[in-house]
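The sequence and structure come first.

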Amino acid sequence: MILKDIAKENNANFDIDIQKIKVDEKHEKVAFCTVVGELFKSKILTFRLAIFMFNWFSISMTYFGITRKVGNLGGDVYVNYLISTSAEVIALFICLYVVERLGRKKIFSSSMLIFGIGCLCTIFSSLYGGPSLHWLTITLAMIGKLTITVAYFNIYLMVADYSPTNLRSFALGIGSSAGYAGSMVSAYVGDLGVMVDTKVGVALPLVIFGAFGICAGLLSFALPETKKYVIASKYPRSGKYFKETIQRWRICPV
């Protein structure tokens, strides 16, 4: 009944007798360590995995860092929190309706760069504006919060699309581990604004976040676009077949 309901919802015909469906359980078993070892034999794929890890580290550090810094930006902390939450809602709708149309890589790279530039610009409003330009510092920080949230939602899709099925959990796991490390570092970077009690100190954490964002955004240009491309079901094991499969995935040749 479930399959028939799915077919009906998608305006498709489902005239197959479920009782006659046979599942072939014969399949080649390959040790997980063997597959991971094959992955690291490719310099390009290893390099791309490292890029994803650095991006995930930077995203987690900046996302949680800005969230914790809402009360130190100046102005009303409750208004700042409301703006921060609203920025995340807007980011969610951007991911739902824009990413599939423009492509994951374009949205991801541009989000990281806009975030980085916006955070770096806060040093000018902090140095030359003082309390009178707190609104500008908050605006730049919230633009950064919006764009980094877009990147946060998007990186899960990019890593999953990039990785074959038998390595997808490994890639997501090692990437999220880098993200956990970034979230831990964010607490210490965010406290720099309290430790350095000067005009520069207010913007110092945002400047650090922005520098990481720009570096990660530039590195992301080396990643392939995965929009509307077939997701690989397994990792190819031989050289010739490997190159042919990579080209069929529409990812840059190895």
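In which helix of the protein is confidence lowest, and in which is confidence highest?

## Confidence

The model is predicted. Confidence is lowest in helix H11 (residues 239-248), where the mean is 43, and highest in helix H3 (residues 43-69), at 86. Over residues 236-254 the pLDDT is below 50, and this stretch has 33 contacts in the model beyond near neighbours in sequence. Where pLDDT is low, the predicted coordinates should not be read in detail.

For the protein, the mean pLDDT is 76, with 71% of its residues at 70 or more.

## Lys-145

Helix H7 (residues 134-162) contains Lys-145. The relative accessible area of Lys-145 is 1%, and the cut-off for buried is under 20%, so Lys-145 counts as buried.

Leaving aside residues up to four places away in sequence, Lys-145 touches Tyr-63, Ile-66, Thr-67, Ser-84, Ala-87 and Glu-88.

## Packing of H4 and H7

Helix H4 (residues 77-97) packs with H7 at an angle of about 35 degrees, and their axes are 8 Å apart. The crossing of these helices, H4 and H7, is right-handed. On the H4 side, the contact is made by Asn-80, Ile-83, Ser-84, Ala-87, Glu-88, Ile-90, Ala-91, Leu-92, Ile-94 and Cys-95. On the H7 side, the residues are Ile-138, Met-142, Lys-145, Leu-146, Thr-149, Val-150 and Phe-153.

By class, the contact of H4 with H7 has 12 nonpolar, 3 polar and 2 charged residues.

Terms used
Residues are numbered from 1 along each chain as its sequence is written. This is a predicted model: local features need pLDDT of at least 70, side-chain atom pairs count only at pLDDT 80 or more; totals for chains, interfaces and linings use all residues. Side-chain values use heavy atoms; hydrogens and water are left out. pLDDT is the predictor's confidence in each residue, from 0 to 100. Helices (H or I, at least four residues) and strands (E, at least two) are DSSP runs, numbered from the N terminus. Contact means heavy atoms within 4.5 Å. Buried means under 20% relative accessible area, exposed over 50%, partly exposed in between (1.4 Å probe, protein chains only). Axes are lines fitted to C-alpha atoms, for helices over the stretch in contact, and angles run from 0 to 180 degrees between N-to-C directions. A crossing is left-handed if the near helix is turned anticlockwise from the far one by less than a right angle, and right-handed if clockwise. Ala, Val, Leu, Ile, Met, Phe, Trp, Tyr, Cys and Pro count as nonpolar, Asp, Glu, Lys and Arg as charged, and the others, Gly among them, as polar.
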